[in-house]
Amino acid sequence: MGFRCGIVGLPNVGKSTLFNALTETQAAQAANYPFCTIEPNVGQVAVPDPRLDQLAAIAKSAKIIATQLGFVDIAGLVKGASKGEGLGNQFLGNIREVDAIVHVLRCFENDDIQHVSNKVDPLADAEVVETELLLADLESLEKRVPNLVKKGQQGDKESKIAASVLSQALDLLREGKPARLTQPKDEEEARVFSQAQLITAKPILYVCNVNEEDAANGNDLSAKVFEKARAEGANAVVVSAAIEAELVGMEIDERLAFLEEMGLSETGLARVIRSGYDLLHLITFFTVGPKEARAWTVEKGAKAPQAAGVIHSDFERGFIRAETIAFDDYVALGGEAGARDAGKLRQEGKEYVVADGDVLHFKFNV
């Protein structure tokens with residue numbers, strides 16, 4: 001199960017620098033001119049989770065394997081992208097394939113780094129990108145909805161469902177609002193809406209890229225972005241891409257000392273990764289043993305057989321039960337044996353909804 005966040009923004013806002021730091025590679029060519037990122041670069045990053053280290057220490061696991069989240073560095077967008085300007089068509093095609101959007105906004109002044117509009121205004125930048133995404137969705141639905149309405153009137157049940165929910169989305173787009181505000185009335189409408197792959201239906205995280213001195217507390221520009229995010233029910237984080245780039249390649253002790261010097265308790269990237277994880281409504285469960293302690297990702301609300309299927313399809317197909325220990329119980333009781341003795345190891349069946357932090361062992365028969 002792979003989940004991917006697409007990093008978007010205008011040229012020269014720090015997208016590629018952020019991506020390089022996220023993946024600790026130089027896979028994306030960060031340069032001071034538009035369109036330096038021509039193809040979307042994809043990187044898998046470990047999701048920081050101190051619980052995994054605790055579990056591994058208790059079980060004396062030989063290996064530790066964190067769960068992963070994918071980030072895609074998508075070519076910079078310019079005004080007119082919805083009509084194919086710049087790398088517009090490619091941009092829109094790439095962004096349709098991701099699960100969530102990480103929108104990087106420039107919240108720093110620097111005369112040495114060109115801005116495409118020759119002014120630093122993160123809200124105006126956000127509006128440029130959002131307008132192009134809205135226009136792309138609007139064009140798509142204005143072509144599709146009339147055909148769906150016609151087929152629905154002729155008795156096609158699926159088209160009738162699609163026409164109902166996508167007409168609501170179209171109305172929102174015409175008002176200049178994102179499709180994510182659409183409210184499907186039942187599971188069928190929710191399924192059809194999801195299949196429509198509307199760009200503005202994707203959840204969004206704003207990343208405020210600030211100068212080093214503003215990394216701890218942000219600045220007036222980032223405060224405006226946070227206000228915008230609150231109004232939209234979106235998330236926002238402050239990051240200094242310059243600091244994150246400096247941290248790449250540092251040893252852990254050196255990194256911690258540098259962060260402390262900058263007044264930071266953790267990297268900005270850790271906040272971005274966790275926020276991306278939350279944005280996608282994901283939770284983590286663990287498998288723990290002497291060979292390895294491993295974190296796995298499932299969507300919130302997943303049942304035990306679905307979680308088993310993340311490990312191997314045979315586990316889901318032949319699922320019998322899941323031996324389950326809550327994280328806090330595993331730690332407090334010193335591991336599986338202690339939890340079993342204390343009656344905290346539970347046998348859960350097919351209808352069990354996995355909780356974040358569960359330590360699971362699956363029984364199956366194929």
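The axes of helix H4 (residues 122-153) and helix H7 (residues 220-232) come within 9 Å and cross at roughly 45°. The structure is a predicted model, in which local features need pLDDT of at least 70 and side-chain atom pairs count only at pLDDT 80 or more, while totals for chains, interfaces and linings use all residues. Residues are numbered from 1 along each chain as its sequence is written, and side-chain values use heavy atoms, with hydrogens and water left out.

Helices (H or I, at least four residues) are DSSP runs numbered from the N terminus; axes are lines fitted to C-alpha atoms over the stretch in contact, and angles run from 0 to 180 degrees between N-to-C directions. H4 and H7 are therefore oblique to each other, since angles under 35 degrees count as roughly parallel, over 145 as roughly antiparallel, 65 to 115 as roughly perpendicular and the rest as oblique. Contact (heavy atoms within 4.5 Å) involves Pro 122, Leu 123, Ala 126 and Glu 130 of H4 and Leu 221, Lys 224, Val 225, Lys 228 and Glu 232 of H7. By class, five of these residues are nonpolar, none polar and four charged; Ala, Val, Leu, Ile, Met, Phe, Trp, Tyr, Cys and Pro count as nonpolar, Asp, Glu, Lys and Arg as charged, and the others, Gly among them, as polar.

Helix H5 (residues 157-174) packs against helix H6 (residues 187-195) at an angle of about 70°, with the axes 9 Å apart. H5 and H6 are therefore roughly perpendicular to each other. Residues in this contact include Ile 161 and Leu 166 of H5 and Val 192 and Phe 193 of H6. The contact has seven nonpolar, two polar and four charged residues.

H6 also gives the largest share of the lining of the largest pocket, three residues. The lining divides into twelve nonpolar, five polar and seven charged residues.

The chain averages a pLDDT (the predictor's confidence in each residue, from 0 to 100) of 86, and 88% of the residues score at least 70. Over residues 26-38 the pLDDT is below 50. Where pLDDT is low, the predicted coordinates should not be read in detail.

Note on methods: Helix = DSSP H or I, 4+ residues; strand = E, 2+ residues; numbered from the N terminus.
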